[in-house]
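I opened my notebook with a sheet to trace today.

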Amino acid sequence: MTGSPEETQDLAGRMAEGLRGGEVIAFTGGMGAGKTAFTRGLAIGIGAGDVASSPTFAIVNEYRGRLTLEHFDMYRIETWEDLYSTGFFDYLDTDRVLAIEWSENVEGALPEDAIFVDIRQGDGETQRIITVRGWKGELL
């Protein structure tokens, strides 16, 4: 659980320390849940800086540090044809880390070893309940 966007970023930064390249991180959670804040923390954690912003209209943004992070927003993806047009499949099986917002829209295309990060609003306005599945590293 985190209590602010900064804490969410810090949690993601700790995850970034354990990334080796090739991971697929699939986010779920409603609008404004904190998916982009988490991705911003990943970007900071790999040394790309505070550069992450929502790629809603661009579909994918790239951030470079010690690893390359590809930040996808699949909110507008409705069909396999839409997904193919993003170039998504070209990024799989590379050494790039893929951070995928609205991953439920492309669930059938995600690899079996994807890391799932679900972010939900907690009791307070800035509190977030973050559930991570498939991650073998430390987050505390």
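In what order do the six strands of the open sheet lie? I read the order as β2-β3-β4-β1-β5-β6, with mixed pairing. For my own record, strands (E, at least two residues) and helices (H or I, at least four residues) are DSSP runs, numbered from the N terminus, and two strands pair if DSSP finds at least two bridges between them.

**Ground rules.** I am working on a predicted model, where local features need pLDDT of at least 70, side-chain atom pairs count only at pLDDT 80 or more, and totals for chains, interfaces and linings use all residues. Residues are numbered from 1 along each chain as its sequence is written, and side-chain values use heavy atoms, with hydrogens and water left out.

**Pairings.** A reminder to myself: strands of a sheet pair through backbone hydrogen bonds, either parallel or antiparallel. I found β2 and β3 paired in the antiparallel sense over five bridges, and a hairpin of three residues joins them. Here E62 stands opposite E70 in β3. On to β3 and β4, which pair in the parallel sense over five bridges; L69 has V97 of β4 as its bridge partner. β1 (residues 24–28) and β4 (residues 97–101) also run parallel, joined by three bridges, and I25 has A99 in β4 as its bridge partner.

**Helices on the sheet.** I counted contact as heavy atoms within 4.5 Å. Helix α1 (residues 5–17) packs on the sheet and touches β1, β5 (115–121) and β6, its direction making about 15° with that of β6. Helix α2 (residues 35–45) packs on the sheet too, touching β1, β2, β3 (68–73), β4, β5 and β6, and its direction makes about 155° with that of β1. The axes are lines fitted to C-alpha atoms, for helices over the stretch in contact, and angles run from 0 to 180 degrees between N-to-C directions.

**Burial.** Buried means under 20% relative accessible area (1.4 Å probe, protein chains only). Which residues of β3 are buried on each side? I noted T68, E70 and F72 on one side, and L69, H71 and D73 on the other. In α1, the buried residues include T8, L11 and M15, and the buried residues of this helix pack against β1, α2, β5 and β6.

Terms used
Buried < 20%, exposed > 50% of the residue type's maximum accessible area, 1.4 Å probe, protein only.
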